[in-house]
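Here is a chain to look over together, with a few questions about what its labels rest on.

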Amino acid sequence: KIELMRAGTSQAEIARKCRVSRSQVNRVIGNRCVSDHVRRTIATAIGKGVENVWPEYYRRSSDSACAR
């Protein structure tokens, strides 16, 4: 969340870009839900590689546990 603020964006903006709810974005950030699309959008927004933001996930799998 702090990284998004530093990058000048918000969870609401990520939600709009991904066409999901803000709560969905919040669940992805809190690791309560997995969405590759949302994670990649967040990583791009903060200028980091998705594998650097969620290394535990991207080292082992690319499956999605929640709908985009």
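Q: What does the accessible surface of the chain come to, and what share belongs to carbon and sulfur atoms?
A: In this predicted model, the accessible surface is about 4,400 Å², and carbon and sulfur atoms account for 46% of that.

Q: How much of the chain counts as buried?
A: Of the 68 residues in the chain, 34% are buried. The cut-off for that label is a relative accessible area under 20%.

Q: What makes up the secondary structure of the chain?
A: There are six helices and zero strands. Following the sequence, the pattern reads α-α-α-α-α-α.

Q: Why is T41 called buried?
A: Buried means under 20% relative accessible area. T41 has a relative accessibility of 17%, so T41 counts as buried. This residue lies in helix 4. Leaving out residues up to four places away in sequence, T41 touches I14, K17 and C18.

Q: How do you know that the buried residues of helix 2 line one face?
A: Helix 2 covers residues 11–18, and its buried residues are Q11, I14, A15 and C18. Seen down the helix axis, they fall within an arc of 100°, so they line one face of helix 2.

Q: Which residues are exposed on the other side of helix 2?
A: Those are R16 and K17. To be called exposed, a residue needs over 50% relative accessible area.

Q: What covers the buried residues of helix 2?
A: The cover includes helix 1 (2–6), helix 3 (22–29) and helix 4 (36–46).

Q: Which residues touch the most other members of the largest nonpolar core?
A: That core has 16 residues, and the ones with the most partners in it are I14, V20, V25, V38, I42 and W54. At least two residues each come from helix 2, helix 3, helix 4 and helix 6 (55–58). Helix 4 gives the most, with four residues. In soluble globular proteins, nonpolar side chains tend to be buried together.

Q: What does W54 contact beyond its neighbours within four places in sequence?
A: W54 is in contact with V28, I29, N31, R39 and I42, where contact means heavy atoms within 4.5 Å.

Q: What share of the chain's contacts between residues at least 6 apart in sequence join residues at least 24 apart?
A: That share is 40%.

Technical notes
Residues are numbered from 1 along each chain as its sequence is written. This is a predicted model: local features need pLDDT of at least 70, side-chain atom pairs count only at pLDDT 80 or more; totals for chains, interfaces and linings use all residues. Side-chain values use heavy atoms; hydrogens and water are left out. Buried means under 20% relative accessible area, exposed over 50%, partly exposed in between (1.4 Å probe, protein chains only). The arc is that of the directions from the helix axis to the C-beta atoms. A nonpolar core is a set of buried Ala, Val, Leu, Ile, Met, Phe, Trp, Tyr and Cys residues joined through side-chain atoms within 4.5 Å. Accessible areas come from the Shrake-Rupley method with a 1.4 Å probe; for residues, only the protein chains shown count as cover.
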